[in-house]
Amino acid sequence: MSSVFKKRMHVRNVFRTPPDYTDLAIKYPEFRKVCRLELNGKVYVDYKNEMALRALTQTLLLEYFQLKIEFAPGSLVPTLPLRLNYILWIEDLLQSNKDDKTKGIDIGCGSSCIYSLLAAKKNNWSMLALESNPINLDYALKNIERNNLQNSVTLFVQKRTAEIFRDYFDSDCGSEIYDFCLCNPPFYDTCANANKTRNPEKRPPPHNCPTGFAEELFCEGGEVKFVEKIVIESLLYAKRIRIFTTMLGHKSSLSKIMDILKEKKIQHFCSTEFHQGNTTRWGIAWSFCVEFS
Ligand SMILES: C[S@@+](CC[C@H](N)C(=O)[O-])C[C@H]1O[C@@H](n2cnc3c(N)ncnc32)[C@H](O)[C@@H]1O
């Protein structure tokens, strides 16, 4: 079995027990089409093949969460164990016994709308999904409807990409308090070389083929600038969202974001690592009302 499903995932991540590809290939004809049967009788999935990666994610979403998801052609194919690690970390941060439904905001939900749909289906959370790309919006809406989750996931068309919450809160007449926000920002700086591997000699190459279109992968200033916008707007909406979180694709971004938080005199923050095979991502959370243990 590939190391994509290796240990060190979140303790409650179901993928710590690797899925049986043979069983899945027997059960799902679409997945079977992208599998290869090795001479030793094992079923093999080529993670470097985008079609295979797409079919694998769709199959795992269906098998484990009964979610039917279509991705816009050429768009980011989310890896499920990593997305799940992030949701599980948010569960840990929330740790509340409040009676009313947990409410979250998904910044840049993508064509799959994966975080919002997972959160709604797995945890019965109510999600507001923000997205700016018209193709992703179209697919995200269909994915919400396809899974009959219109009562739990609301899609908001983000018209001004330079902004994060402002568009929504300006148009919102209510005073709803959200428990958290999450984000998988575009990692790369439009001006930098995206394919440049950091520490190429030390780091093993990623298992998966790179997927995603420009708007999903790049923005001006990369993830640090994107998350800086979230931090700045969090000062404005400190009372509307209890815990602000984001994922980071580069280790070097973590200290930069911590410096920004300190500069803005935000005292309560914490961070974590998400692991999936050779891929590591980082999570950072901050709050104006919650102290992290
Ligand atoms: C890296 S993709 C993440 C997609 C999905 N959440 C996932 O994890 O697979 C980032 C997404 O953010 C969207 N985006 C970029 N700027 C945005 C903004 N200001 N507000 C809302 N969405 C934005 C992009 O169109 C893209 O779909």
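Reply: A crossing is left-handed if the near helix is turned anticlockwise from the far one by less than a right angle, and right-handed if clockwise. Helices (H or I, at least four residues) and strands (E, at least two) are DSSP runs, numbered from the N terminus. In this structure, α9 passes α10 in a right-handed crossing.

Me: What kind of model is this, and how are its residues numbered?

Reply: The model is predicted: local features need pLDDT of at least 70, side-chain atom pairs count only at pLDDT 80 or more, and totals for chains, interfaces and linings use all residues. Residues are numbered from 1 along each chain as its sequence is written.

Me: At what angle do the axes of α9 and α10 cross?

Reply: Two packed helices are described by the angle between their axes and the distance between the axes. Axes are lines fitted to C-alpha atoms, for helices over the stretch in contact, and angles run from 0 to 180 degrees between N-to-C directions. The axes of α9 (residues 222-236) and α10 (residues 251-263) cross at roughly 25° and come within 10 Å. Angles under 35 degrees count as roughly parallel, over 145 as roughly antiparallel, 65 to 115 as roughly perpendicular and the rest as oblique. The helices α9 and α10 are therefore roughly parallel to each other.

Me: Which residues of α9 and α10 meet?

Reply: Two residues are in contact if their C-beta atoms, placed from the backbone, lie within 7 Å. On the α9 side these are Glu223, Val224, Val227, Glu228 and Val231, which meet Ser253, Lys256, Ile257, Ile260 and Leu261 in α10. The residues of this contact divide into six nonpolar, one polar and three charged. Here Ala, Val, Leu, Ile, Met, Phe, Trp, Tyr, Cys and Pro count as nonpolar, Asp, Glu, Lys and Arg as charged, and the others, Gly among them, as polar.

Me: How do α4 and α5 pack?

Reply: Their axes are 10 Å apart, at an angle of about 60°. That makes α4 oblique to α5. The crossing of these two helices is right-handed. Arg83, Leu84 and Ile87 of α4 make the contact with Ile114, Tyr115, Leu118, Ala119 and Lys122 of α5.

Me: Which pairs illustrate the parallel and antiparallel senses?

Reply: Strands β3 (residues 103-107) and β6 (residues 178-183) run parallel and are joined by four bridges; Gly104 has Phe180 as its bridge partner in β6. Strands β10 (residues 268-276) and β11 (residues 279-287) pair in the antiparallel sense over nine bridges. Gln276 stands opposite Thr279 in β11. In the hairpin of β10 and β11, two residues lie between the strands, and Gly277 takes a positive phi near 55°.

Me: Which residues come nearest to the ligand?

Reply: A residue is near a molecule or strand if its C-beta atom, placed from the backbone, lies within 6 Å of it. Of the 22 residues around the ligand, Pro78, Gly108, Gly110, Asn133 and Asn184 come nearest. The shell divides into nine nonpolar, nine polar and four charged residues. At least two residues of the shell come from each of α5 (114-123), β4 (126-131) and α8 (214-217).

Conventions: Pairing = 2+ DSSP bridges.
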